[in-house]
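Here are some notes to read beside the structure. Please keep the sequence and the 3D view open as you go through the points.

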Amino acid sequence: MTQTARPTVLLATFSALPDGEEWTGTTHLLDAFAAREVDARWVVWDDPGVDWSAGLVAVRATWDYETRRAEFLAWASAVPWMLNSAAIFTWNTDKSYLPQLAADGVSVVPTIVVHDADRLPAAIAEVSPDERLGAVVKPTVGAGGRGVVVVDGPGPTDREAFGPGPWAVQPLVESVRTEGETSVFVIDGEVVSQAQKVPAAGEIRVHEQYGGTTVAVPVTDEAADLARRTVTAASALTGERFDYARVDQMRLADGTLAVSELEVTEPGLYLDVLPGNAAVFADLVGRRLTNR
Ligand SMILES: Nc1ncnc2c1ncn2[C@@H]1O[C@H](COP(=O)(O)OP(=O)(O)O)[C@@H](O)[C@H]1O
Ligand SMILES: [Mg+2]
C-alpha cells in the first residue's frame, strides 16, 4: 500500500529569522495550517539542504534579498511550485514597477527612477519644486525602510548622503507623519483586511523597528478600490496571477490616495494586529494544494 504524503507548505524565510516573523504572531499561521491538516514548516531560502519539491513554497520572510537579489531570483526560478511566481518577484523587487503602474492609470506616489547620480538633483527638484516640500530618495531595490533618505527642499544634494543606486525619487508625502500609511491585503483576488501604520515622531518610516505602530482598521471602500485596481493592473502588466498582495497607500497633498508600494514578494502579514489574515492565507494555500 502506498502512503500518501500530507499536503505540505514550505514557508520560506531567511537565516536571521529561522522561525519566520514569529514575533508578529506566526503561531496563528501554524495553527491555521494545522487546523487544515496541512504540514507547514519554516525553511531558510538559501539553505542547500532543503528539498524544494517537498510541497508548495510560500515566500514569507526572505528579508535579506535586497543585497542578494540575483541569487534570490535565481533561487525562486528554480523552485518548482510556489505562490505568486519568480516572474512576479523579478518585477516587484525593483521599485521601477511604480512608474509602470502609474502609466497604466493607477494612482501612485509620483516616482522618478534615476540611474545616474548626476541626475539626482534634477529629479529631486522635479518631484519637489517648492522649497518647503521635501523629497525622498531610496534604492529601487530595498526593503524594511533601509536606505530611505529624506531630502529637505531642492537645495544642493550631497551625493554621499545616498547609498548605491539606482534610486527611486519621490515627493515627501507629508501625511505619512499624521495619517500614516495604509495597507490593504488582497488574497486570492479578494480584499480581506486593512491596517494603518504610523511612524514615531520625527520619523517617516512606519516600520516597527523604527518605532512605528500598526493597528487594524475597517476596510474602506477608497483603499479597497485602489488595492483591487493595483492588483488588476499588475496582473495585466506581468501576465501573472497574484495569489497574495499587500497594497501600501498614502494620501498625497491634493487629497488623493496613492500606492506607495505593492508588496507581492514577501509582505509581512501583520498577524499580531490582523490575526484573521492567518486563516485567509491558510485557506489560499489549502486551495492551491487541493487544485494543483
Ligand atoms: N515618498 C515618501 N513620502 C513619505 N514617506 C515615505 C516615502 N517613501 C517612503 N516613505 C516611508 O518609508 C517607508 C519605507 O519606504 P518603502 O517605499 O515602503 O520601502 P521598503 O521597501 O523599504 O518598505 C514607508 O513605509 C514610509 O513610511
Ligand atoms: Mg514598505
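How many bridges join strand S8 to strand S9, and do the strands run parallel or antiparallel?

1. Seven bridges join S8 (residues 181–187) to S9 (residues 190–198), and the two strands run antiparallel. Keep in mind here and below that this is a predicted model. One pair to find across these strands is Ser183, which stands opposite Ala195 in S9.

2. S8 and S9 form a hairpin with two residues between the strands. In this hairpin Asp188 takes a positive phi near 50°.

3. S9 is also joined to strand S10 (residues 213–217), by five bridges, and this pairing is antiparallel.

4. The chain is divided into three domains: domain 1 (8–84 + 278–287), domain 2 (97–107 + 175–264) and domain 3 (112–172). The C-alpha centres of domain 2 and domain 3 lie 21 Å apart. Where these two domains touch, six residues of domain 2 are in contact with six residues of domain 3. On the domain 2 side, the touching residues are four nonpolar, one polar and one charged.

5. Strand S5 deserves a slow look. Five of its five residues are buried, so S5 is largely enclosed by the rest of the structure. In a regular strand, side chains alternate between the two faces of the sheet. In S5, Ala135, Val137 and Pro139 point one way, while Val136 and Lys138 point the other way. Residues on both sides are buried, Lys138 included.

6. S5 has two pairings to trace. Three bridges join S5 to S6, and these strands run antiparallel; within this pairing, Val137 has Val149 of S6 as its bridge partner. Five bridges join S5 to S7, again antiparallel. Here the bridge partner of Val136 is Gln170 in S7.

7. Which residues of helix H5 (residues 120–127) are buried? They are Leu120, Ala123, Ile124 and Val127. Seen down the axis of H5, these buried residues fall within an arc of 100°, so they line one face of the helix. They pack against four strands: S4 (112–114), S5 (135–139), S6 (149–151) and S7 (167–171).

8. Ligand 1 has 20 residues around it, of which Val136, Gln170, Val173, Val176 and Val206 come nearest. S5 and strand S12 (257–263) are the elements that give two or more residues to this shell. By class, the shell divides into 10 nonpolar, five polar and five charged residues. Note that Val136 and Gln170 are also bridge partners, as set out in point 6.

9. Why can ligand 1 be said to lie between two domains? Domain 2 and domain 3 both give residues to the shell around ligand 1, so the ligand lies between them.

10. Last, take Pro48, in the loop between strand S2 (39–44) and strand S3 (56–61). Is Pro48 buried or exposed? Pro48 is exposed, because 5 other C-beta atoms lie within 10 Å, and a residue counts as exposed at 12 or fewer. For a sense of distance, Pro48 and Ile112 are 64 residues apart along the chain, and their C-alpha atoms are separated by 38 Å.

Terms used: Residues are numbered from 1 along each chain as its sequence is written. Chains are lettered from A and ligands numbered from 1 in the order in which they are written. This is a predicted model: local features need pLDDT of at least 70, side-chain atom pairs count only at pLDDT 80 or more; totals for chains, interfaces and linings use all residues. A residue is buried if 20 or more other C-beta atoms lie within 10 Å of its own, exposed if 12 or fewer, and partly exposed in between; C-beta atoms are placed from the backbone. The arc is that of the directions from the helix axis to the C-beta atoms. Two residues are in contact if their C-beta atoms, placed from the backbone, lie within 7 Å. A residue is near a molecule or strand if its C-beta atom, placed from the backbone, lies within 6 Å of it. Ala, Val, Leu, Ile, Met, Phe, Trp, Tyr, Cys and Pro count as nonpolar, Asp, Glu, Lys and Arg as charged, and the others, Gly among them, as polar. Domain bounds come from an automatic or database domain assignment. Two strands pair if DSSP finds at least two bridges between them.
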